[in-house]
Amino acid sequence: MTLPISALPQPSRRALLQTGGGFALAFFLGAGSAKATIAARPQPGDAELAAKDGATFAPNSLIRINPEGPVRLVMPNVEMGQGVYTTEAMLLAEELDVGLDQVVVEHAPAIDLLYGTPLLKSQTTGGSTSVRSNWMILREAGAVARAMLISAAAEQWGVPAGECTTEAGVVKHAASGKSATYGELAEAAAKQQAPEKVGLKDPKDFKLVGKPMRRIDSPSKIDGSAIFGIDVRVPDMQIAYVVTCPTAGGMLKSVKDDAARKVPGVKDIIRLPHGVAVTGPHYWAAKKGAEALEIEWDHGPNANFSTAGLFKALDEASRTGKALVARSDGPLDRQGKTIEAVYEHPILAHAPMEPLNAVVHVRPDACEIWVGNQVPTRAAGAAAKLTGLPEDKVILHNHYLGGGFGRRLEADYIELAVNIAKQVPYPVKMVWSREHDIRHDIPRTAYLDRVSAVVDDEGYPVIWKDRTCGASVPKRWAPQMLRKDGFDADLTECSDELSYDIPAFHVEWVPHDMPEAIPIGWWRGVGPTHNIFKTEGFIDELAHAAGKDPVEFRRKMLAKNPRPLSVLNKAAEAIGWGEKLPPRVGRGVAFASPFGSHICAIAEVEVSPGGHIRIRRGVAAVDCGPVMNPNTVEAQIQGGLVFGWTMALYNEIIFENGAVKQSNFHDYRMMRINETPPIEVHIVKNEGPIGGMGEVGTAIAAPAIANAVFAATGVRLRKLPLDPKLLADPKAGAA
Amino acid sequence: MLTLNVNGEDRSVDVPEDMPLLWVLRDVIGLTGTKFGCGIAQCGACTVHVDGRAVRSCVLPVGQLGEAKITTVEAIGATPEGKKIQDAWLAVEVVQCGYCQTGQIMSATALLQHKPQPTDSDIDAAMSGNICRCGTYVRIRQAIHQAATGQPVGQQTIAYNLQKGPAQ
């Protein structure tokens, strides 16, 4: 059903940017400062794109109809598992009135103006924004195309457009018995004016939206035919294996390559500022060649950097550093019993299943890139800079992503591949080893959070104070996102706004940068994944200190907040909250409202006498407002919880002497099927504003099991990953 | 020159004997459905069948294969169990990013070929070598049960064309 490689040619990006009124400069400048990006109606550049594409009828950048063949839908966002190709195709097809079996989806070319996500003001897939940003635009785009097809038919048949109906890609006129397929009408439709106004379907008439639809990309992903970036093969391509200095920021001092050159198949040894690449006809030759290199490194300024040192520095900074305030309001002078805690969050690698890779061909007149990436325009821009080519001479073909999780919101791996490809005439496919992927990630940074509350006589918080300490991602990634004083809202996302009824808040951030050579990046769930572990852990601590049931305690503080309350109640009911459980078995609840959705997760764990944590059951209730594809919502919560539990149980990147200690899945563990419990997902229906879904499950996962571990053992773990050594049963002797 | 029997066809390849089968399949023969995930048999993305057994091709030197029959995901749908597994994968909608799924399908098919009615612990034993970073494990388990029993398990998805009714 899916065309693996977009056949779309690229119009001049520069020309489009110029017609877009300096759109590139408006990146992230804030709401209203940039033009809306993907659009339901024709935009400057659409016609050029459609003409180059050979499309007969292209009412906008998203829909292509030719006399023959299926309707082609160009996907503004990238597919990395979250199901967005299916959801976006459903939204277009719903209003266009075609079945999902009548469409193919295509990866979009890299053009901010035509395919940028309005909420992010660039062609970026991240922050659980795709459907939230685009769902009404996509519906309208489908409806505009349908109206133009109808008016073409009405004109041909000499009947009023209002008497024509559509069904499954056919325009019909009942009175005359005439009908024509969209393909047959494509040429005439292209000559119609786009309507000024267009009606959208009443949701009760939806045929696709809201139904558990089958994913459009699944058939090609079960028989090996789907093409991920790593699967691209172009003529004369060589494979590159890359070795860079194990110390972050270290440089290549010297390399002896006599032995490497003798390895059969080795073609070229390419020196880079931070390392060496070896090319050959296949990965094995390139890897064997690289292993035969004798390299001397200049370890550079980070040779003494360590995670242990970082946490010491974070602790110190969080006591003495200058804070930037997210909010400070309500009566903050009330006296009472004060409860305090410190929560710690490790550095994390992303470890998508598809190791990072890129195919790049640098020619004198152009640079062509085949890759899977969440920020295609940013990547193409970076390649233009490195090659010195004009932006419109960089052609980026995007592909399916074998996991993103934020790692592919970066262009570093594409830049590295460009730097290799610049030195050879042939196309290069650079494939990172898993070891390289873990050790040279742009990791999630560490945080240390001090949280405290003043509680009333019943134990409910009347003042909530939270001081987080750590580094900012946008400071490097998109400084325009920062407040004028440098405040980064990501640091306090979900901790600056709790749904609980608490009269006074003081929430702040103490910046503490990582070394410059260790850039840090977005990681699935971003600010909320970091903050909710602390807020929901600490709420649980307050409940315990008050001698109250953790669900009851939350319920009372959510009494005025119906949407949060309903997911809490639903999850509690579904798991049978309050049942008596065996010894060392406990249930933990966590509730939050990340990415505009509301979610409650309850986990049941069993802790062995030796301290091993086994998750026995997971239940989640989620309210994301209008549901596009319930199948995807369930999948994202199930998978998101596993992703977050994996983090909570196992994941920590440790730097020693400036280098990452972990290297592969044996020491950077993933949850496996035998460790995964049954997970029930309950969708709480609500018409409220639409929420995001891709990161919600991950953000709520860790506190649910940490709170369950407390319920099972009485031990409160405030540091991730959860340390089993602290959970051994003292009554079990040497166990 | 070595001759490998891949998906019923003899393929002559000029590669060193210590080269893992994974790279011969992907970079020499061009069968890219078998995936690279870790290179040390920790993740299962590279799983293929050798004489009907699920093996990790990333650590299997081709020189050891002799006349063994190699089956990759591109051909697994031609076996009855492979077809059942693929159909169940679609009906239960297991796939997310999909990168690990070809390896998952190869492990699950081998399981069904040897144990037509696997228990949950059989599934744990056969599938725990396959990592899924998207966390599709709940549905992998459901799909294997569905493939084995023919009975719908979990949320079933709707086929493309509503007129055709729910997916089989």
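Hi everyone, let's begin in chain B, with helix α4 (residues 101-114) and helix α5 (residues 120-127), whose axes come within 10 Å and cross at roughly 135°. Because of that angle, α4(B) counts as oblique to α5(B). The crossing of α4(B) past α5(B) is right-handed. Which residues of α4(B) meet α5(B)? On the α4(B) side they are B:Ser107, B:Ala108 and B:Leu111, and on the α5(B) side B:Asp122, B:Ile123, B:Ala126 and B:Met127. By class, this contact of α4(B) with α5(B) has 5 nonpolar residues, 1 polar and 1 charged.

Before I go on, please keep in mind that this is a predicted model. Its scores are ipTM 0.95 and pTM 0.94. For chain B the average pLDDT is 93, with 94% of the residues scoring at least 70. There is a stretch to treat with care, though: residues 160-168 of chain B have a pLDDT below 50, and the model gives this stretch 20 contacts beyond near neighbours in sequence. Chain A also has a mean pLDDT of 93, and 95% of its residues reach 70 or more. In chain A, residues 1-34 have a pLDDT below 50, with 71 contacts in the model beyond near neighbours in sequence. Where pLDDT is low, the predicted coordinates should not be read in detail.

Now to chain A as a whole. How many helices and strands are there in chain A? The count is 19 helices and 26 strands. Chain A has a radius of gyration of 27 Å, close to the 27 Å that the globule rule gives for 735 residues, so chain A is as compact as a globular protein of that length.

Helix α5 (residues 130-157) and helix α6 (residues 182-190) of chain A have axes that come within 9 Å and cross at roughly 85°. The two helices, α5(A) and α6(A), are therefore roughly perpendicular to each other. From α5(A), the contact uses A:Met148, A:Leu149, A:Ala152, A:Ala153, A:Glu155 and A:Gln156, while α6(A) brings A:Tyr182, A:Leu185, A:Ala188 and A:Ala189. Sorted by class, the contact of α5(A) with α6(A) holds 8 nonpolar residues, 1 polar and 1 charged.

Two backbone details in chain A are worth a look. The peptide bond from A:Leu720 to A:Pro721 is cis, with omega near -5°. You will find A:Pro721 in the segment after α19 (696-713) of chain A. The other detail is A:Asp97, which has a positive phi of about 70° although it is not a glycine. A:Asp97 sits in the loop between α3 (84-96) and β3 (103-107) of chain A.

Last stop, the interface. Here 57 residues of chain A are in contact with 55 residues of chain B. On the chain A side, the elements giving two or more residues are α7 (218-222), α9 (283-291) and α18 (630-650). Which element gives the most to the side of chain A that touches chain B? It is α18(A), with 7 residues. Split by class, the side of chain A that touches chain B has 27 nonpolar, 16 polar and 14 charged residues.

Conventions. Residues numbered from 1 in each chain as written. Chains lettered and ligands numbered in written order. Predicted model: local features only at pLDDT ≥ 70, side-chain atom pairs only at ≥ 80, totals over all residues. pLDDT = per-residue confidence, 0-100. Contact = placed C-beta atoms within 7 Å. Axes fitted to C-alpha atoms, helices over the stretch in contact; angles between N-to-C directions. Helix = DSSP H or I, 4+ residues; strand = E, 2+ residues; numbered from the N terminus. Parallel < 35°, antiparallel > 145°, perpendicular 65-115°, else oblique. Left-handed = near helix turned anticlockwise from the far one by under 90°. Nonpolar A, V, L, I, M, F, W, Y, C, P; charged D, E, K, R; others polar. Rg over C-alpha atoms; globule rule 2.2 N^0.38 Å.
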